[in-house]
Amino acid sequence: MNRALLALACAVPLSLLAVAEPLILALGWAAAFGMLVMARVPVIFCLAFVLLSTFRLHELDPRLVSLRLPQLLAMASLGVLIWQLVVVKSAKMQLYSEAWFLLGLFAVTTAGMLLATNFGLAFGYWSGNWVKVVVMCLAISWLLKDRRQLAMAGWLIIASGALVASMALYNSAHGLEVVEGTRVTIGRSWGSMLGDPNDLALVLLLPMSFALNRALAPLPGRWPAILTLTALVFALLATQSRGGLLGLCAITGCSMLLRYRLPRWVWLLAPLALVVLMSLAGISERQSGGAAESGIDESAMGRLYAWQAAISMGLSHPLFGVGLDNFYSNYFFHSPHWDGRNHAVHSSWFQVLAEAGILGLLLFVGFVLGLIQRARRLRRALAEGEDADALSWASALYSGLIGFAVSATFLTQAFTWPLYVMAALVWAGCRIYLSVPEPFQGGNHVSYPCA
């Protein structure tokens, strides 16, 4: 009876206001639907925000940019997180050892932001991207509750990859948004992050490990995964990114090694496979780094100069680096070769060294290595059981992390979403699939061993 009176008390003023402004009624229904979704599937808002930010889905069409979907989903995700942690207390803050490396890296980059050579650039990147990456990485690992939700996250990653790959192939077929004559991009004309072919290749690598491992497993949904994988491979080839091709080879080799016992001589063909992929991608036709450049091409020399500049920045600012997003603006002061313009670092490892210092690099390396080790233990534990579905997702995470470690040498992806999305799923997988708890020292949190 009390609930009926409360509902009536809320409905009467809403109805009276709706007479004067019908939009209020629509907003009321939208809020009610949002609260229903929040109660039933609280993680859906967070996943939507992460996927939108990772794959830049709102930037596939310029008409979607003005809707400010990331900002709306960010507010909804924050509300969900507070509701689950503080109000209903259905999610628990559980930290693994790698999470402490991540929090240490966040602390170092925050201090580096305050001491950055260009505070405006550092604060803009910290507040606009980095803080969201860290918070949502932890939030997703806490909010995913069961195997069904973990599988849903995997399929949403595959579906998002299919959308981006389809758009890239469409642009490639029609000669749209092409740079350097042959390299495909998305949304370059309206300022999308996918307007850089290397960044586009990085985004395509994340769903590739999920689609490949799902395609190799004799499970329902195999053919959609195969079709998505085909689109992803051709889209990656269209970017002509050498770092992307190395990541593709690493993901493929790791996935095949995990599932099949191949003769050793097969692995000797890996360099030949890389050469074939580079030929199919048409890298020799690139204006930078193509066959027209003799000796060490301009693209390779540019990377070497950028890495030397990163080392100089790291040595001159060993504790906190020059600050987030400050490598480009500091290039002139640290590069041994000035050709009249600044350059990007084109390496995640050197990016961390320059922008977070030696201390930040140690924390980042510890985070990545610890994460790979945990994903490996998770897969080994699931391989001993009979859950083929769980094993396919665990294999996707492990091979995806290996692909990141390889491609990170040539792609700038240290403080962007893909690595931290995989980290959240690894931690959630350990908590969901492995049921033996291990008390965490120094608090009331609980962590789960992946062994």
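Mentor: Accessible areas come from the Shrake-Rupley method with a 1.4 Å probe. On that basis, the accessible surface of the protein, in what is a predicted model, comes to about 21200 Å², and 68% of that surface belongs to carbon and sulfur atoms.

Trainee: Why is Leu69 called partly exposed?
Mentor: Buried means under 20% relative accessible area and exposed means over 50%, with partly exposed in between. Leu69 has a relative accessible area of 30%, so Leu69 is partly exposed.

Trainee: Where is Leu69 found, and which residues make the nonpolar surface patch?
Mentor: Leu69 is found in helix H5, and together with Leu64, Leu67, Leu72 and Met75 this residue makes a nonpolar surface patch of about 440 Å². Helix H5, which covers residues 69–87, gives the largest share of that patch, namely 3 residues.

Trainee: What share of the protein is buried?
Mentor: Of the 451 residues in the protein, 48% are buried, a word that is used for residues under 20% relative accessible area.

Trainee: What makes a set of residues a nonpolar core, and which members of the largest one touch the most others?
Mentor: The members must be buried residues of nonpolar kinds, such as Trp and Tyr, joined through side-chain atoms within 4.5 Å. The largest nonpolar core has 111 residues, among which Trp130, Tyr420 and Trp427 touch the most other members. Helix H18, residues 417–433, contributes the largest share of this core, 14 residues. A second, separate core has 10 residues, including Trp307 and Tyr331.

Note on methods
Residues numbered from 1 in each chain as written. Predicted model: local features only at pLDDT ≥ 70, side-chain atom pairs only at ≥ 80, totals over all residues. Heavy atoms only, no water. Patch = residues over 30% accessible without salt bridge, like charges linked within 9 Å, V, L, I, M, F, W, Y side chains within 5 Å. Salt bridge = Lys/Arg side-chain N within 4 Å of Asp/Glu carboxyl O. Helix = DSSP H or I, 4+ residues; strand = E, 2+ residues; numbered from the N terminus. Buried < 20%, exposed > 50% of the residue type's maximum accessible area, 1.4 Å probe, protein only.
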